[in-house]
Amino acid sequence: MTADESLMRECIFLAGSGKGNVSPNPLVGCIIKKDGKIIGRGFHKKFGEAHAEVNAFTDAKKNGYKPEGADVYVNLEPCSHTGKTFPCTDLLVSERVKRVVIGTKDPFEKVNGRGIRKLRKAGIEVVTGVLADECRELNKFFFKYVTQKLPYVTLKIAQSIDGKIALNNFKSKWITGEASRKYVHKLRSEYDVVLIGKNTAKLDNPSLTVREVHGRTPYRIVIDKDSSLPGSLKLFTDNEKEKTFVVTGVSKKAVTEIYSKNIIRVKEKDQKLVLKDILKKFYALNITSVLVEGGANLYSQFVKSGLFDDLYLFIAPKIIGKGISSFNDFEISRLSDAKNLKFIYSENFEKDILIYYKNVHRNSTDNR
């Protein structure tokens, strides 16, 4: 690993500290190096607050260092437009830094290479593409959000070794172990939304909060076409109830009192809510990432439509036999129609195994 790569990896690590707090902004870390010594570090901590570069320069000056002539490392191209904060490129130019090392170009239309050009025009040496793949993976939510105008969608499934997520009587607590569940809570803290279907809400009565790790609870959204769920569910009564939203159809004329505030209306077709329209409405609400936690019908809809990006599959060493399959409502007539995924990595959680896949062929069949 080169010196530039080593410091870029540290930028990625720093940037990750902002997970769950900066959306819809990207995760960014910044390091300032001068005379062979790191003089400043910073990351984007919260949406609307100072960017990583500003925090890094503040850190350097607080410690008595002058950034003039320094090398600056940042995992994403510095912004060149005025939004909630001033352009970071102007800061880098005004501080007279010597060199800027960038992981990836920012695909946002108001940046997209403009920051790099502005820095070079000011006579600053710019190096790009350092650990580019890792930097893109870090900001996969943001990249999809600004390029496709849709949120990033992850399916999270906990199942037995024979592919069952519940018994025939729909009982599913608990298939996987405590370590797996703790990891899922960490995932929740990093996503904007946890999404479930009506049956999962009614049968499991989940909280969908972050309890096993330190982090913020995401918005909880349940799909309920007819607005028929009982108001006694935890989603509507716990301390996070203001973070619960319900997706229902546009043709629904009346809703119960519990749905009167947080309701998202979407198109219907063939007695079902249109999945693509749900995601478009999420995008309009500045939602960049969605963690789908059940159930089989919703998993099946996402697989059939191709509207998901990756899959966390937790497998417990249990055989259930007859039960509810993960994709119970997805059916094909030819093997050539099977959905092929790309294996990325696997990890052990006590007795369970996590397998992480990417959906490399996201050719949506649901373009309505």
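**Figure 1. Polar contact of serine 305 with the backbone of glutamine 301.** In this predicted model, a polar atom of the serine 305 side chain lies 3.0 Å from the backbone oxygen of glutamine 301; a polar contact is a pair of N or O atoms within 3.5 Å, of which, within protein, one must be able to donate a hydrogen and the other to accept it, and residues adjacent in sequence count only if both atoms are side-chain atoms. Serine 305 belongs to helix α11 (residues 296-305), where helices (H or I, at least four residues) and strands (E, at least two) are DSSP runs numbered from the N terminus. Serine 305 is buried at 5% relative accessibility, with buried meaning under 20% relative accessible area, exposed over 50% and partly exposed in between (1.4 Å probe, protein chains only). Residues are numbered from 1 along each chain as its sequence is written, and side-chain values use heavy atoms, with hydrogens and water left out. Because the model is predicted, local features need pLDDT of at least 70 and side-chain atom pairs count only at pLDDT 80 or more, whereas totals for chains, interfaces and linings use all residues.

**Figure 2. Aromatic pairing of tyrosine 145 with tyrosine 283.** The structure holds 13 aromatic pairs, a pair being rings of Phe, Tyr and Trp (its six-membered ring) whose centres lie within 6.5 Å, with planes under 30 degrees apart counted as stacked, over 60 as edge-to-face and the rest as tilted. The ring centres of tyrosine 145 and tyrosine 283 are 4.8 Å apart and the ring planes stand at 45°, so this pair is tilted. Since tyrosine 145 lies in helix α6 (residues 140-148) and tyrosine 283 in helix α10 (residues 275-284), the pair ties together parts that are 138 residues apart in sequence. Tyrosine 145 is buried, at a relative accessible area of 9%, while tyrosine 283 is partly exposed, at 23%.

**Figure 3. An aromatic cluster and two charges over rings.** One aromatic cluster is formed by Tyr183, Tyr312, Phe314, Tyr345, Phe349 and Tyr356. Arginine 181 lies over the face of tryptophan 174, at 4.2 Å from the ring centre, and lysine 243 lies over the face of tyrosine 219, at 5.6 Å from the ring centre; a charge sits over a ring if NZ of Lys or CZ of Arg is within 6 Å of the ring centre and within 35 degrees of the ring normal.

Figure 4. Leucine 235, in helix α9 (residues 234-237), is buried with a relative accessible area of 2%. Beyond its neighbours within four places in sequence, leucine 235 is in contact (heavy atoms within 4.5 Å) with residues including Ile196, Ala201, Pro206, Leu208 and Thr244. Leucine 208, found in the loop between α8 (198-204) and β9 (219-223), has a positive phi of about 60° although it is not a glycine, and is buried at 4% relative accessible area.

Figure 5. The bond from serine 23 to proline 24 is cis, with omega near 10°, and proline 24 is placed in the loop between α1 (3-15) and β1 (29-34). A cis peptide bond also runs from glycine 294 to glycine 295, with omega near 5°, and glycine 295 lies in the loop between β14 (289-292) and α11. Aspartate 35, in the loop between β1 and β2 (37-43), has a positive phi of about 55° although it is not a glycine, and is exposed with a relative accessible area of 76%.
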